[in-house]
Amino acid sequence: MSFTLKYKDINEEREISSDNYTIKDLLNELEVSAQTMVSKQNGELVIEDTVINDGDEIQLVQIIYGG
Amino acid sequence: MKCSKCGNPKVIIKREQSGQLLCKDCFIESIEKKVIKTVRKEKLLDKGDKVLVALSGGKDSVTTLEILNSFREMNVIDICAVTVDEGIDNYRQDGVDIAVRHAKRLGIEHKVVSLKEEYGITLDEIMQRENHKGSCSYCGVFRRTVINKAAREMGATKIATGHNLDDEVQAIMMNYLEGNMDNLTKLGAKTESKAEEFTVKIKPLREIPEREIGIYVVAKELEVHFDSCPYAMQSFRGEISEVINQLAEKHPTIKYSTLRGYDKIKGILKNELVKDYAHGRCEKCGEPSSNRLCKACSFLEELGCD
């Protein structure tokens with residue numbers, strides 16, 4: 001069970017590490033604030049409570065930068 | 001989970017402040033309606049206005065342009081735009097290119113003004129000087145001067161900036177905590193200067209949270225420059241922003257209530273605190289100034305660029 005993560009220069013396959021693994025769990029693992037990001041699942045905007053499925057492409061876009 | 005408005009299961013945002021869930025179309029519509037409501041409530045536009053959008057190519061200014069353009073399409077206003085190229089290597093050019101493309105897409109009058117052409121020095125060059133006063137001081141002053149000048153040259157009656165709810169709440173708290181009551185009275189949706197050379201400034205996005213503007217541009221697939229200025233450093237504004245965002249996690253309506261509270265006391269503050277402005281002129285450039293030199297000319301003199 002894996003998904004593709006696209007975030008800045010990252011483009012990699014990652015394992016889905018638990019049942020009901022959500023985008024929020026992924027953001028926590030990456031130690032990035034959900035407040036500064038928007039997430040796309042297979043090209044469509046989704047909220048952070050969305051569960052990641054096998055084969056998904058998850059793209060994270062940073063929308064808030066300091067300064 | 002379904003959109004609170006239309007029932008569409010494809011929800012793209014959960015608004016913590018209201019518990020509302022929205023799909024893409026309803027979210028885009030809600031942002032545009034809210035901005036239009038602010039424009040009407042605060043009387044930001046008059047029919048026949050020519051509005052100069054300060055267009056950096058970032059999410060806030062692109063959103064401002066996009067939504068104000070709906071008033072242009074209804075023939076209520078005309079729009080032009082200016083982009084200031086501060087001269088920051090590996091950062092500014094992308095924003096300038098994006099701004100040029102948006103102006104072209106919408107068919108609006110647009111000019112790019114570089115600090116190098118205007119003052120003979122870039123921000124990068126200023127930052128190499130010893131004893132500089134910090135990038136944001138120069139950038140803020142020069143940008144403001146260039147935008148005011150462009151407004152006069154392009155015949156604009158209003159200047160629209162992309163200040164959002166987070167920016168405005170940070171400014172309220174910063175000025176209050178620093179005891180800077182003079183600046184505190186100058187905030188608001190529409191700032192008017194007594195000097196007629198300064199064009200009226202409007203902030204149509206003042207009630208939209210920064211994060212929602214980010215989601216709006218991604219949802220509308222608007223090309224914007226998402227990047228951090230290399231000179232952005234740990235500023236007081238950054239510290240204030242962190243505290244407010246921390247508070248907002250448990251108190252999601254706190255940014256709105258801070259803004260509402262300020263709007264209620266603003267009139268009283270102005271009556272009590274606003275000083276009579278000196279109607280002087282900068283003896284070098286002729287811009288309005290209460291001192292011998294305006295801030296921009298005084299910086300240029302210090303930098304030896306006069």
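Mentor: One term before we start: buried means under 20% relative accessible area. Also, keep in mind that this is a predicted model.

Trainee: Got it. So is B:Glu66 buried or exposed?

Mentor: B:Glu66 is buried, because its relative accessible area is 17% and the cut-off is under 20%.

Trainee: Which residue does B:Glu66 form a salt bridge with?

Mentor: With B:Lys220. The closest N and O atoms are 3.3 Å apart. B:Lys220 counts as partly exposed, at 29% relative accessibility.

Trainee: Which residues are in a network with them?

Mentor: B:Glu32 and B:Arg105 are linked with B:Glu66 and B:Lys220 in a network of salt bridges.

Trainee: How many salt bridges are there over all chains?

Mentor: The structure holds 34. Another one joins B:Lys203 and B:Glu168, with the closest N and O atoms 2.9 Å apart. B:Lys203 lies in the loop between strand 8 and helix 9 of chain B, and B:Glu168 lies in helix 7 of chain B. Both B:Lys203 and B:Glu168 are buried.

Trainee: New topic. What is the strand order in the open sheet of chain A?

Mentor: The order is 2-1-5-3-4, five strands with mixed pairing. Strand 2 and strand 4 of chain A stand at the edges. Each has a single partner strand, so one side of each is left without a neighbour in the sheet.

Trainee: Which strands does strand 3 of chain A pair with?

Mentor: Strand 5 of chain A is one partner, antiparallel, through five bridges. Strand 4 of chain A is another, also antiparallel, over three bridges. Take A:Gln41: its bridge partner in strand 5 of chain A is A:Ile58, and in strand 4 of chain A it is A:Glu44.

Trainee: Is strand 3 of chain A covered or open?

Mentor: Mostly covered: five of its five residues are buried. A:Met37, A:Ser39 and A:Gln41 point one way, while A:Val38 and A:Lys40 point the other way.

Trainee: What's between strand 3 and strand 4 of chain A?

Mentor: Two residues, making a hairpin. In that hairpin A:Asn42 takes a positive phi near 50°.

Trainee: What does A:Val38 pair with in strand 5 of chain A?

Mentor: A:Val61 is its bridge partner there. Helix 1 of chain A packs on this sheet and touches strands 1, 2, 3, 4 and 5 of chain A. Helix 9 of chain B packs on the sheet as well, touching strand 3, strand 4 and strand 5 of chain A.

Trainee: Last one. How many residues are in the largest nonpolar core?

Mentor: 47. B:Leu45 is among those with the most contacts inside it. B:Leu45 touches residues including B:Val39, B:Leu68 and B:Ile202. A second, separate core has 35 residues, including B:Ala54 and B:Met154.

Technical notes
Residues are numbered from 1 along each chain as its sequence is written. Chains are lettered from A and ligands numbered from 1 in the order in which they are written. This is a predicted model: local features need pLDDT of at least 70, side-chain atom pairs count only at pLDDT 80 or more; totals for chains, interfaces and linings use all residues. Side-chain values use heavy atoms; hydrogens and water are left out. Buried means under 20% relative accessible area, exposed over 50%, partly exposed in between (1.4 Å probe, protein chains only). Helices (H or I, at least four residues) and strands (E, at least two) are DSSP runs, numbered from the N terminus. Two strands pair if DSSP finds at least two bridges between them. A nonpolar core is a set of buried Ala, Val, Leu, Ile, Met, Phe, Trp, Tyr and Cys residues joined through side-chain atoms within 4.5 Å. Contact means heavy atoms within 4.5 Å. Axes are lines fitted to C-alpha atoms, for helices over the stretch in contact, and angles run from 0 to 180 degrees between N-to-C directions. A salt bridge is a side-chain nitrogen of Lys or Arg within 4 Å of a carboxyl oxygen of Asp or Glu. Lists of a residue's contacts leave out its neighbours within four places in sequence.
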